[in-house]
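Student: I want to know what stands behind the labels used for a structure. Can we take them term by term?

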Number of protein chains: 4
Amino acid sequence: MAVRAAVAGASGYAGGELLRLLLAHPEVEIGALTGNSNAGQRLGALQPHLLPLADRILQETTPEVLAGHDVVFLALPHGQSAAVAEQLGPDVLVVDMGADFRLKDAADWETFYGSPHAGTWPYGLPELSGGRAALEGSKRIAVPGCYPTAVSLALFPAYAAGLAEPDAVIVAASGTSGAGKAPKPHLLGSEVMGSMTPYGVGGGHRHTPEMIQNLSGAAGQRVSVSFTPTLAPMPRGILATCSAHARPGVTADSVRAAYEKAFADEPFVHLLPEGQWPATASVYGSNAVQVQVAYDAAANRIIAISAIDNLTKGTAGGAVQSMNIALGFDEATGLSTIGVAP
Amino acid sequence: MAVRAAVAGASGYAGGELLRLLLAHPEVEIGALTGNSNAGQRLGALQPHLLPLADRILQETTPEVLAGHDVVFLALPHGQSAAVAEQLGPDVLVVDMGADFRLKDAADWETFYGSPHAGTWPYGLPELSGGRAALEGSKRIAVPGCYPTAVSLALFPAYAAGLAEPDAVIVAASGTSGAGKAPKPHLLGSEVMGSMTPYGVGGGHRHTPEMIQNLSGAAGQRVSVSFTPTLAPMPRGILATCSAHARPGVTADSVRAAYEKAFADEPFVHLLPEGQWPATASVYGSNAVQVQVAYDAAANRIIAISAIDNLTKGTAGGAVQSMNIALGFDEATGLSTIGVAP
Amino acid sequence: MAVRAAVAGASGYAGGELLRLLLAHPEVEIGALTGNSNAGQRLGALQPHLLPLADRILQETTPEVLAGHDVVFLALPHGQSAAVAEQLGPDVLVVDMGADFRLKDAADWETFYGSPHAGTWPYGLPELSGGRAALEGSKRIAVPGCYPTAVSLALFPAYAAGLAEPDAVIVAASGTSGAGKAPKPHLLGSEVMGSMTPYGVGGGHRHTPEMIQNLSGAAGQRVSVSFTPTLAPMPRGILATCSAHARPGVTADSVRAAYEKAFADEPFVHLLPEGQWPATASVYGSNAVQVQVAYDAAANRIIAISAIDNLTKGTAGGAVQSMNIALGFDEATGLSTIGVAP
Amino acid sequence: MAVRAAVAGASGYAGGELLRLLLAHPEVEIGALTGNSNAGQRLGALQPHLLPLADRILQETTPEVLAGHDVVFLALPHGQSAAVAEQLGPDVLVVDMGADFRLKDAADWETFYGSPHAGTWPYGLPELSGGRAALEGSKRIAVPGCYPTAVSLALFPAYAAGLAEPDAVIVAASGTSGAGKAPKPHLLGSEVMGSMTPYGVGGGHRHTPEMIQNLSGAAGQRVSVSFTPTLAPMPRGILATCSAHARPGVTADSVRAAYEKAFADEPFVHLLPEGQWPATASVYGSNAVQVQVAYDAAANRIIAISAIDNLTKGTAGGAVQSMNIALGFDEATGLSTIGVAP
């Protein structure tokens, strides 16, 4: 018998991607769809690519509407999840695709988000050490941010194997869907096509403490992170270029071996053969992660690069993967490792 | 028991898209993969988005390699299919994604392709009148061209209902994957990004006689077609803007009614609600067709516009849809109407 | 001595392009810059590509601010030009880049714009018959719309030479800057990249009566126009594919000859050699127009295709070209026929 | 009297951009244009955006053809410049846009280019300390690589002021024109649109030793460089994200002050106001460089980011700027700081 899932925030990009995946999930039946400013509209007008749901009408995000579901996905603006989650019973699986419950450190939350910390939920990145155990049977899941997903998967093997100094430098390029669907001048097609531009430079991006949390967990010590996000002229995808000084004795072979071991049994993370590099186009619409790693002897740095689809593995696919674990389904149910290319 | 399918020409864009779809098809097992100039290479190096097939090795396109399959898909350059098909037994379903067997008129073939006509096979556009019957049980299928698919689905209802004069004007924009994977200077990213440009202007495009064949069949009389293809700065998608003079007495309502009737039971063709227009992004990676139609009273023309994914419904999805009919599967098996957007 | 020019509406795309051109104009000194909602801001924050003007501050659009200039360019939303123009003296050259004064027929204006007709000014398309004479010495100029510029230049030679039936079919693709800088969801980069979509289908686009006006003037009889605009995934450029039935006796040679004659002395319109087709990338940032024409004997249609930069020749470049004529400068002063490519 | 300039390699992207700039240069007359595999072709077929030169015919690159010019620009594949330069007299200004004469260290050349070192010419980056003096009156100029231009301008102030540790980490995104016009599968529009992908990871990119040379020169000690280039879905532009550990005592103010001082008198390098970040779209087609810098106190790193047009300031504009200095013209003659945007 299928689990019944509601999606709060079905009109945005994260909500739309989630619905695309849930439509293909054999164990899920799609229940209520909500969206505040768009309540009352046909989904077909808002998400015209989801033809099977075109005639669904968005409802208000109220406890009554969300009642009677086994799973409730929250694809809401940051800071709004706690109030909705409180109204849902302890037996309902609540999967928060916002930031509200990702950080363990309340001070970090307050510094970067400027509001009181709502709490910490099991973190939906199963590939991290202990990640699956934390999710099994859980009724609350905090889905990671898109950048922390790409960065943590690229770098945790180097830290877990003790190969890298705790001083990571990360430059990542993201497609524009990561900035959401609310219209702003700098996100106009006329502005973004043909342009690369950074933002949140100098440590201010809200995903920074989440990366530090993940990498420090892998390293067993605090890892410093310099993170520069850039906006790339493409709708989807993150390419994360991550590097750190190598510890003494590191070789290209030891780096390769650590990554092969880390990803050997992972269903979604694919270490590319030597000489082949990740491309966001190859994981377009897929839950796969492409990773490659190199050791630059001259600069004595480990360079690990990952490509993900920010909306799939970076948001909605990660949410479904974690839901699968929480509910006892096969982790890959309803998820694909096949990209839409070219 | 799954049918076993071989793909000749697995390294190109059509072959890659076909494999993407076959991987998701519950009744198909993927057998031999061939590619002449790339024989011996890992598929992962050529189609890096198809992770589950990354370690497959391309073979030569020989009768021995293609033997022992229930279905053989031919994704070969135009003119090469006949020689391969001859070597396959009459019980093997051969699905030709090239142009070789699409045209009924040998003179048209010779005029547009400059070589002897190889013959005519059942035509893989089930939505046309009699289209499904021609495919049921067939062992040979000629998959339509991408532009003729988009154009025929946009205009046949107007012709079948006797609403349009036999004088169609078509301007279509295609993504660059329609031009294939062989590197040519004018297809470089540097050239195509930011640019729209026409080609094959003035009646010379090879898909013109195929459109005339389909529309004339619907109209019951010869339809003249003025066709201008343009290359658009996107990897996938066709937007076909098609128009014709309206016959006397035509109204907006009679046009709408004809289209509603024509597509009422179609699993893949979706007539949009009034006021909403097709967008190629909405059918990205999907087998769906979005159609909208208007009647311009001032110019007395019917304007019908369709959006397809040229690689999916326009090539590989159309091939799978026709295969499903030929083999007695449900027509939509393994095919999706959900696009990957944004 | 340089003429002093003010720009009302300096924060939008048309205003920005105009400033780019005026900065390179040897006879113009840039005076006041205004922008209502952005008044008080540095231009560098709004038009970061115009480095020499980065420290200029936008002012309110008031008579006082606009006083003391020889030329005032109006780059305002449609319907706002008349009120500003009234306040400017008869000796000031007013160049309206909006639609307000383009149409001769008040009923057409009211039908398409829904407000009272403000009047008709000399029309800034010098290439039309009598176009230059109308502009010489004029103190008021209505700059044509971007689509009418592309379409009229592509088709007027066929009509002026009596080669085409009065029944034109036009499909044009425009870059997104044509839709302006006001943020709307369907103009987000996430939406437009990878997508082609039509709008204003069925005769409703406001540029239609302007095309009819121009082509009818060339033909000496009323020309019917079916016009379908489409939005293309590029920031700039218009590719207009225009066709009409050929009149009896038309040949490829007579068509070619008419176009060669029409453009022989034009400084900006370039009839391409046979076999070469217009590309919007080739006129990126340039005031040039690329035109090519073909005769399709099978469909008995003339197909004329033009490429322009919608912001340059289609708006700001056309404005400067007309200003040059009005003020007695060489028509090409400060304008380039060199595109920025690739 | 104008200087007469020949361009060897006029059919490629660097050659085309150079011609675009020379057409606007008031002191230069364009002489012979050569291109080996394209000799005999009209330039209009190869560089359709350069309308004023459309009827020029490409010649072979021979001493006879290049004779009689005051300046010869070499836009040839790496390794071919020395042979051509030898045949040109010592009074001819030879501007090499290839790599052949950039590196001072012969061993570096041999390691990265695999051929004997041809020598070292004055380096065409006037903004570096002593840069202008080295170019004044010179008859030989080595134009910098596009990445080294972007990176050196972003980071040299930090090194020259003693603010940064000699350990730079650089991730740069380049438009596809940087990869040239020779058609290769991975450069097809179908492949690059929608995709970000790295290449030359791990220290192997040929521009690495050139960056080290420049930054070490500024620092007065050897600077280690970890450089990762990525290919971005845009035709032009480089965004270079550069960082290094800060030395003890560094503050945001001391960093800002060093950059303000370094660029105070530079005609092309523009330090953006605080809070505004470089965007490649803002320097499209312009010789300007946008730079911004931040100090990340948590990670104790200086992050300097620059945006250039890889073909303009990164290649052809840099060449013209250096030629201007060598010939005694004003450095900015014929060059613009105005981008074509949006």
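Tutor: What follows sets computed values against the definitions of the terms.

Tutor: This is a predicted model, in which local features need pLDDT of at least 70, side-chain atom pairs count only at pLDDT 80 or more, and totals for chains, interfaces and linings use all residues. Residues are numbered from 1 along each chain as its sequence is written, chains are lettered from A and ligands numbered from 1 in the order in which they are written, and side-chain values use heavy atoms, with hydrogens and water left out.

Student: Why is Thr149(B) called buried?

Tutor: Buried means under 20% relative accessible area, exposed over 50%, and partly exposed in between (1.4 Å probe, protein chains only). Thr149(B) has 1% relative accessibility, so it counts as buried. Its place is in helix α7 of chain B, residues 146-160. Helices here are DSSP runs of H or I with at least four residues, strands are runs of E with at least two, and both are numbered from the N terminus.

Student: What does Thr149(B) touch?

Tutor: Contact means heavy atoms within 4.5 Å. Not counting residues up to four places away in sequence, Thr149(B) touches Leu125(B), Pro144(B), Ile308(B), Lys313(B) and Gly314(B).

Student: Why does Leu155(D) count as buried?

Tutor: Its relative accessible area is 1%, so Leu155(D) is buried. Leu155(D) is placed in helix α7 of chain D, residues 146-160. Its contacts, leaving aside neighbours within four places in sequence, are Ala168(D), Ile170(D), Leu215(D), Cys242(D), Tyr259(D) and Ala304(D). The C-alpha atom of Gly68(D), 87 residues apart along the chain, is separated from that of Leu155(D) by 40 Å.

Student: And what makes Glu210(C) buried?

Tutor: The value is 1% relative accessible area, so Glu210(C) is buried. Glu210(C) lies in helix α9 of chain C, residues 208-219. Pro144(C) is 66 residues apart from Glu210(C) in sequence, yet 8.2 Å apart in space, C-alpha to C-alpha. Pro144(C) is also one of the contacts of Glu210(C), and others include Arg102(C), Leu103(C) and Tyr123(C).

Student: What makes Asn300(B) partly exposed?

Tutor: Asn300(B) has 29% relative accessibility, so it counts as partly exposed. Asn300(D), at 27%, therefore counts as partly exposed too. Asn300(B) is found in the loop between β11 (289-296) and β12 (301-308) of chain B. Asn300(D) is in the loop between β11 (289-296) and β12 (301-308) of chain D.

Student: Why remark on phi at these residues?

Tutor: Most residues other than glycine have a negative phi, and most peptide bonds are trans. Asn300(B) has a positive phi near 50° and is not glycine. Asn300(D) has a positive phi of about 50°.

Student: Which peptide bonds are cis?

Tutor: One joins Ala341(A) and Pro342(A), with omega about 0°. Another joins Ala341(C) and Pro342(C), with omega about 5°. Pro342(A) is in the segment after α11 (312-327) of chain A. Pro342(C) is in the segment after α11 of chain C.

Student: How do you know that the span of α7(C) agrees with its residue count?

Tutor: The expected span is 1.5 Å times one less than the number of residues. With 15 residues, α7(C) should span 21 Å, and its end C-alpha atoms are 21 Å apart, so the two agree. Still, α7(C) bends by about 35° at Ser152(C). A bend is the angle between axes fitted to the seven residues ending at a residue and the seven starting there. Of the 15 residues of α7(C), 14 are buried. Gly162(C) follows α7(C), and its phi is positive, near 70°.

Student: What makes α1(C) largely enclosed?

Tutor: Nine of its eleven residues are buried, so α1(C), residues 13-23, is largely enclosed by the rest of the structure. Among the buried residues are Tyr13(C), Glu17(C) and Arg20(C). The buried residues of α1(C) pack against α8 (189-192) of chain A, and against elements of chain C including β1 (3-8) and α11 (312-327).
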